[in-house]
Amino acid sequence: MSEEILIIISISLIIFTSPLISKILRLPTITVEIILGALAAYFAFIVEHTILELVAQLGFLYLMFLAGLEVDLKKIMNISASIFRKSIFYNVILFSLAAAGTFYLDLGYIFIVILPLISIGLLAALKKEYGDVEWIRLAITVGLIGEIVSIFALTTVTAALEFGINFEFYKTMVLFTLFLMFMVFIYKLFHNLIWWYPEIKALLMPENDHQEQDIRLSMSIFFLMIAVMMVLNLKVAFGAFIAGTFITTFFEEHNKQLPHKLEHFGFGWLVPIFFIYVGSSFELDALLQEGLVAKAILIALAMIGIRFVASMLFIKEMGWNKFFMLGLSHSMPITLLIAVATIAYDNHSITQFYYYAFILAAIIEVLVVMIAIRILSHVIKLDEGISSN
């Protein structure tokens, strides 16, 4: 059997069985996909292949696009001033603690970006399981701002890692700033256009659509933004993120099912290939490397610890018995963590040892946090039941 056929069969089986296994083990599907990818590579069912790498890269870009779909600029603009200030300060604390720990332990600068990363992707899973409770609502609000800060920090640091602090870096950052200003202009222009001419939305995305025009438009914007990033020599991942944000901000009210359709389209086949590829790049023999597991546990604990400290800002809003739930819910940035680790490793900013450590830390975080939230939410319910009686 040829390598290509073996890879196709292996990926197909993993994509199909991952949700079933995740239900049995009560783990996020992403975690299962990474683990199965690592096992498939260990037994040589999946090997290095150019086409697999290309499809995985596309899956990564679509993952960043889905991360952008989580950010609705209109909702951010409606956040109360006090929560907005605290959300900004929350991120300042995260980055400050990460920087202090990085300098004290003499680690690479990339840790300053990686440790405070926030991604609200798995908050959707928590919302499905625990409902629209207070701490999840606040976690999503604060997480929206945190995810934007994380993306901006990622773009800046990756430019510094790729070019160094020189003319190319400053040129990249100037282009990045001009691009953001241009996007603000486009946002204002399009916002005014659809206010005066609301039929534009119906024209771009007809209600009785039998041609899947909404997905066609979304994919056009997705690839157009990637092309713009390539022309400007900026990170294409940021372009994919901006495309997702644009779709959610302008079209979610008109077509509420669109974000869900795009998520189903991505998580159904394209994004899993990226996570399977990430798992296949993780050599299970590496678990025997001296200090790898300990380093991964240390990274996971550090990420959870700094969020616990920062979440104390919201004691007034959530009380002493629930404030830590916000920090815990932000301690599973598995998508962005793996994305940043992949970029850093490709740019030779981190060694293979730390690349493996970050992937392992991402898995450990999900396992620890999911179990902790399940236990603590049960305790909180018991306390609230006793208090009401």
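Which helices each supply at least two residues of the lining of the second largest pocket? Helix 2 (29–42), helix 3 (50–69), helix 13 (258–280), helix 17 (334–346) and helix 18 each do. Keep in mind that this is a predicted model.

**The pocket**

Let's stay with that pocket for a moment. The second largest pocket holds about 680 Å³ of space, and 27 residues line it. If you want to find its centre on screen, look for Glu48, Tyr277, Ser280, Ser281 and Phe282, the lining residues that lie nearest to it. Helix 3 gives the largest share of the lining, with five residues. Here is how the lining divides by residue type:

| Type of lining residue | Number of residues |
|---|---|
| Nonpolar | 16 residues |
| Polar | six residues |

**The overall fold**

Now for the chain as a whole. The secondary structure comes to 18 helices and zero strands. The C-alpha atoms fill a box of roughly 65 × 65 × 50 Å along the principal axes. Of the 389 residues, 49% count as buried. Among contacts with a separation of 6 or more, 81% join residues 24 or more positions apart.

**The cores**

Which residues have the most contacts inside the largest nonpolar core? They are Tyr62, Phe65, Leu126, Phe251 and Leu262, in a core of 126 residues. Helix 18 (residues 352–388) gives the most to this core, with 16 residues, and helix 18 also supplies at least two residues of the pocket lining described above.

Leu126 is a handy one to click on. Leaving aside residues up to four places away in sequence, Leu126 touches Gly131, Trp135, Ile136, Ser329, Met332, Met370 and Ile373. A second, separate core has 11 residues, including Ile11, Val32, Ile46 and Ile276.

One last stop is Ala44, in the loop between helix 2 and helix 3. Ala44 has a positive phi of about 65 degrees, although it is not a glycine. Is Ala44 buried, exposed or partly exposed? Its relative accessibility is 43%, so Ala44 counts as partly exposed, given that buried means under 20% and exposed over 50%.

Definitions and conventions. Residues are numbered from 1 along each chain as its sequence is written. This is a predicted model: local features need pLDDT of at least 70, side-chain atom pairs count only at pLDDT 80 or more; totals for chains, interfaces and linings use all residues. Side-chain values use heavy atoms; hydrogens and water are left out. A nonpolar core is a set of buried Ala, Val, Leu, Ile, Met, Phe, Trp, Tyr and Cys residues joined through side-chain atoms within 4.5 Å. Buried means under 20% relative accessible area, exposed over 50%, partly exposed in between (1.4 Å probe, protein chains only). Helices (H or I, at least four residues) and strands (E, at least two) are DSSP runs, numbered from the N terminus. Contact means heavy atoms within 4.5 Å. On a 1 Å grid over the protein atoms alone, a cavity is a set of points where a 1.4 Å probe fits but cannot get out, and a pocket is an open set with protein on both sides within 12 Å along at least five of seven lines; lining residues have an atom within 4 Å of a point. Grid points are joined across faces, edges and corners, and a volume is the space filled by probe spheres set on the points. Ala, Val, Leu, Ile, Met, Phe, Trp, Tyr, Cys and Pro count as nonpolar, Asp, Glu, Lys and Arg as charged, and the others, Gly among them, as polar.
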